[in-house]
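Dear colleague,

Please find below the structure that I am handing over to you, with its sequence. My findings follow directly after it.

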Amino acid sequence: MSSNLVPGARIDAAAHAWGAALRRIAAAEPRMRQEAAENETYMVVTGSPADSVNGVFTSALRPDAGQIERLAARTAATADSFPGPVSWCVQVRSDPDDRVREVARRYGLTKRAREPFMLRDLKSAPPVPGDTGAMEVRVVTGAEHDLYARALAEGFGAPKEVFAPLFTPAVLDAAPDITAYVGEVRGQVVSTAMTILMDGHVGIFNISTGPDHRGSGHGRRITEEVVARGRDAGAETAYLRSSDMALPLYLSLGFGVAEHWTYFTAR
């Protein structure tokens, strides 16, 4: 699936679902903050140090620099109100114009990166999960928030403090639309995943495998499993953001690049 084969309306709907999913996480945890502006522009501040989950985001194909500027001021003040450093970003779906770049620059967001936004059709090509082998995929509850944060830290090679403020007991218990998973082999966590199901779309998040367990297909298997569960729960489209390293895996699983999104960060 490539961008020239996916109808624009379908890409728009998936982009809206991604934004709704981020706002759903913020709505589940009272300590997080969010605010909506006009033209599909919104602020989310989770309190995590990770800049990708704090900032000004837009679901509009043509970003509104005025609304981004208004919420950038609100985001900077809100991020400063949290204990500890909270980095943030400005994210747009398309190549930004000079006005958006200038807003980002004024807040020190001078590093620019692009990430693939990927879609998979679950209606015409429903997923059939493969054999997960010795790995058991199970749902994680809020009581296991520390286990989940530690597993994410190991899988992504980042401090646990990046994940603990984001995946709190309230977020992990926000079923049925938010569901966190771990894959276990003989009771040991080897991989992670999360899905957020909204408006016929299932978002795929947090796919990771611990460094001691890579090369055994666990990431592929847990992705296949949670996509299939999303389809069984009513989703017709799956979406995700991919790193360059993970891109070949998701392409092999039937996802296609619909767009490249631009992120401005401080580092």
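I begin with the largest cavity, which is lined by Ala-151, Glu-154, Gly-155, Val-189, Val-190, Ser-191, Thr-192, Ser-208, Thr-209, Gly-210 and His-213. Please note that this is a predicted model. Strand β8 provides the largest share, four residues. Sorted by class, the lining has seven polar, three nonpolar and one charged residues. The space in the largest cavity comes to about 50 Å³, and the count of cavities of 30 Å³ or more is one.

As general background, nonpolar side chains in soluble globular proteins tend to be buried together. Here the largest nonpolar core has 43 residues, and Trp-18, Tyr-148, Phe-167 and Tyr-239 have the most contacts inside it. The element that gives the most to this core is helix α1 (residues 8-28), with 11 residues. A second, separate core has 22 residues, among them Val-190, Ile-207, Ala-246 and Leu-253. Val-190 is also one of the residues that line the largest cavity.

Is Met-194 buried or exposed? Its relative accessibility is 1%, so Met-194 counts as buried, the cut-off for that class being under 20%. Leaving aside neighbours within four places in sequence, the contacts of Met-194 include Tyr-148, Phe-167, Ile-204 and Phe-205. Tyr-148, for its part, is in contact with residues including Val-140, Phe-167, Ala-193 and Met-194, with neighbours within four places again left aside.

The second example is Asp-177, found in the loop between α6 (169-172) and β7 (178-185). Asp-177 counts as buried because its relative accessibility is 15%. Which side chain is joined to that of Asp-177 by a polar contact of 2.6 Å? The partner is the side chain of Arg-24. Beyond its neighbours within four places in sequence, Asp-177 is in contact with Arg-24, Thr-195, Ile-196 and Leu-197.

How far apart are Met-194 and Asp-177, in sequence and in space? They are separated by 17 residues in sequence and by 10 Å in space, taken from C-alpha to C-alpha.

With kind regards

Conventions. Residues are numbered from 1 along each chain as its sequence is written. This is a predicted model: local features need pLDDT of at least 70, side-chain atom pairs count only at pLDDT 80 or more; totals for chains, interfaces and linings use all residues. Side-chain values use heavy atoms; hydrogens and water are left out. Buried means under 20% relative accessible area, exposed over 50%, partly exposed in between (1.4 Å probe, protein chains only). Contact means heavy atoms within 4.5 Å. Helices (H or I, at least four residues) and strands (E, at least two) are DSSP runs, numbered from the N terminus. A polar contact is a pair of N or O atoms within 3.5 Å; within protein, one must be able to donate a hydrogen and the other to accept it, and residues adjacent in sequence count only if both atoms are side-chain atoms. A nonpolar core is a set of buried Ala, Val, Leu, Ile, Met, Phe, Trp, Tyr and Cys residues joined through side-chain atoms within 4.5 Å. On a 1 Å grid over the protein atoms alone, a cavity is a set of points where a 1.4 Å probe fits but cannot get out, and a pocket is an open set with protein on both sides within 12 Å along at least five of seven lines; lining residues have an atom within 4 Å of a point. Grid points are joined across faces, edges and corners, and a volume is the space filled by probe spheres set on the points. Ala, Val, Leu, Ile, Met, Phe, Trp, Tyr, Cys and Pro count as nonpolar, Asp, Glu, Lys and Arg as charged, and the others, Gly among them, as polar.
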